[in-house]
Structures are given as structure tokens and as C-alpha cells.
Amino acid sequence: MTPTRPVGDGGTGAASDASRLAWSLMCDLVLNNERRREVSDGLGMSFGRIKAIRRLARAPMALWELASTLGVDAPYATVIVDDLEAQGLVRRRPHPSDGRAKLVEVTRKGRDVARRADKILSTPPPALASLDPEQVGVLVRVLHAVSEAAHD
């Protein structure tokens, strides 16, 4: 896949151009829809529902929290949870501190689905897996440096 160059100035000079190109290449690799399709096909559900299961597997959430985390409105989050609940993947229970809210948590079956999704999504794409160990080491060092700089 040929990366698309981002539009807009965002800075000038070769370093800025190289940074934009690097970002574009990372986005193409990480946001590749083939990986989303692979996990959706493998688990037989939409990527949005898989994303919800994975979030809930980390910790139970109130419905409004799940909606916020997924970037959807509350009515759509309710549709997602209704569907997942009908499949036996999540359950609602009373919220411990808010009598008006329900807490949504994964079931054992839902936790298994989340693990399977994590396994598929954490498998490197063939192009990355085919790099030699030295190249992977360089990539890891660069990504660590970017991550550290982003958190400073």
C-alpha cells in the first residue's frame, strides 16, 4: 500500500517532511483495515463490538463510560451492549455507587473472545515479521524514543 501524504503545513523543512512521511507510514501499517477485517471475520462480529469487549475485559464500565471510551453516543452504546448481552458476552449489574446506572462487565465467554481478539491483533503483519532481528531492534529503539518524547 502506498502511503498518502498528509495535507497541510505543520512545519517546514526536510525534518518535518520526513516526520510526516514516517507518521503516514506508521498509520498505514497500524490502522490497516485488513487486520480489522481479519479479527472481525475470525470472531464473527463487527470491529466496534470487538473493541467494546476488549475494553470491558480490562475493567467493568458504566454504559456512559463505555460510550465515551468508544467515541459513540449512549444510545448506540446501549445497542452494542444489548447485542453483546444477547450473545452471552457481557452482563449488566447494579452500579456500586450510582443507583441510576448499570455496570457492564464481560462474562467468561466474553473474556475468551477478548483474548482471541488480542491474539489476532497482536500478531505482527507479515511484512514486520519478515524483518531481520537487527531491523526490528532499530524499529523498537526508535518507537521507544518517540513514545518517551510523547510522554515528557
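**Close-up views of a predicted model**

**View 1. The lining of the largest pocket.** Helix α1 gives the most to the lining of the largest pocket, with seven residues; helices (H or I, at least four residues) and strands (E, at least two) are DSSP runs, numbered from the N terminus. This is a predicted model, in which local features need pLDDT of at least 70 and side-chain atom pairs count only at pLDDT 80 or more, while totals for chains, interfaces and linings use all residues. Residues are numbered from 1 along each chain as its sequence is written, and side-chain values use heavy atoms, with hydrogens and water left out. A pocket is an open set of points on a 1 Å grid over the protein atoms alone, where a 1.4 Å probe fits and protein lies on both sides within 12 Å along at least five of seven lines, and its lining residues have an atom within 4 Å of a point. The largest pocket is lined by 25 residues, of which Met-26, Leu-29, Val-30, Leu-31 and Pro-125 lie nearest its centre. At least two lining residues come from each of α1 (14-30), α2 (33-43), α3 (47-58), α7 (126-129) and α8 (133-150).

View 2. Three strands form an open sheet in the order β1-β3-β2, with antiparallel pairing, where two strands pair if DSSP finds at least two bridges between them. Because β1 (61-62) and β2 (90-94) stand at the edges, each with a single partner strand, one side of each is left without a neighbour in the sheet. Helix α3 packs on the sheet and touches β1, β2 and β3, contact meaning heavy atoms within 4.5 Å. Between β2 and β3 (residues 102-106) the antiparallel pairing runs over five bridges, and Arg-93 stands opposite Leu-103 in β3.

**View 3. His-95 in its loop.** The loop between β2 and β3 holds His-95. Leaving aside neighbours within four places in sequence, His-95 is in contact with Ala-62, Ala-101, Lys-102 and Leu-103. His-95 and Val-39 are 56 residues apart in sequence and 31 Å apart in space, C-alpha to C-alpha.

Key
Axes fitted to C-alpha atoms, helices over the stretch in contact; angles between N-to-C directions.
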